[in-house]
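Please walk me through this structure, strand by strand and then along one of its helices.

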Amino acid sequence: MMATATRRAKRTRPMPIRPDLPPEPEFGTPLDAAHASPDTLRLLALRRSTPVKVLADPGPSADDLDAILRVGMRVPDHRKLEPWRVLIVEGEARLKLGDIFAAARRLRDPDVSDDRLAEEMQLPLRAPVILCVISSPVHDPKKTPIWEQQLSAGALCQNILIASQAMGWAGVWITEDAAFDSHVHAALGMHGHEQVAGFIYLGTAKEKPAERQRPVVSTKATRWTG
Ligand SMILES: Cc1cc2nc3c(=O)[nH]c(=O)nc-3n(C[C@H](O)[C@H](O)[C@H](O)COP(=O)(O)O)c2cc1C
């Protein structure tokens, strides 16, 4: 069953846990509509995901994760439904996730080789921290379309990635087969209406990721004149 839009967690306003993170503004406080920020522009102009095979320890601390999630969740969200949630997977829990991935793989493919299963078990160990972002659309009596709620989950993934990179952590948003596997969903305690928007793997880059081909803006954005 979907949660209703009215069921909300009690709100608290914690103090910043990083000196460079401003305190969360009080509800209703007027905020700057724009923040001229060359640093942000530079990050967006040069940011790059790190292929998961070159991610390594260390990863974000608990305080960093708290900051990443707090900043990340300031995301566009039509009618404030908060139609997503995040599972933080780190340390030993990654081994359990690997077992889940392998068990799901065997169910998908009963003839899978032991070597392939062993690889599947290792997948979550490729980075010290994994944030599993779950799209969790709510039943909205005022009818925010499910599609909009799913887009908000995608925006959350990207916000988390950018916030992480701004705090000095490398990361990548991946799905792979596991994200679409109903056995994985069940083992993670997901409900029938939920989907994995992404596994955000976070850590430290062992080497610099090279620039990839980027879109030619003029082929993707055209001026509509009616
Ligand atoms: C929803 C989604 C799922 C993705 N899944 C994978 C994946 O399973 N494996 C992968 O190598 N890249 C995947 N990517 C691509 C990477 O996240 C990333 O966009 C790509 O490596 C380009 O990096 P960039 O962020 O520097 O543009 C996915 C991207 C999105 C948006």
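This is a predicted model: local features need pLDDT of at least 70, side-chain atom pairs count only at pLDDT 80 or more; totals for chains, interfaces and linings use all residues.

Which residue stands opposite Ala205 in β5? Leu55 does.

Leu55 belongs to strand β1, residues 55-56, which is joined to β5 by two bridges, the two strands running antiparallel. Strand β3, residues 129-135, also runs antiparallel to β5, and here seven bridges join the two. Within this pairing, Ile134 is found opposite Val196 of β5. Strand β4, residues 170-174, pairs with β5 over five bridges, again in the antiparallel sense. Its residue Ile174 faces Phe199 across that pairing, standing opposite it in β5.

Burial comes next. Strand β5 covers residues 195-205, and because eight of its eleven residues are buried, the strand is largely enclosed by the rest of the structure.

Helix α5 spans residues 146-166, 21 residues in total. From its first C-alpha to its last it reaches 30 Å, close to the 30 Å expected at 1.5 Å a residue.

The buried residues of α5 include Gln149, Ser152, Ala153, Leu156, Cys157, Ile160 and Leu161. An α-helix has 3.6 residues a turn, so residues three or four places apart point the same way. Ala163, Ser164 and Gln165 are also among the buried residues of α5. After α5 comes Gly168, with a positive phi near 95°.

Key
Residues are numbered from 1 along each chain as its sequence is written. A residue is buried if 20 or more other C-beta atoms lie within 10 Å of its own, exposed if 12 or fewer, and partly exposed in between; C-beta atoms are placed from the backbone. Helices (H or I, at least four residues) and strands (E, at least two) are DSSP runs, numbered from the N terminus. Two strands pair if DSSP finds at least two bridges between them. The expected span of a helix is 1.5 Å times one less than its number of residues.
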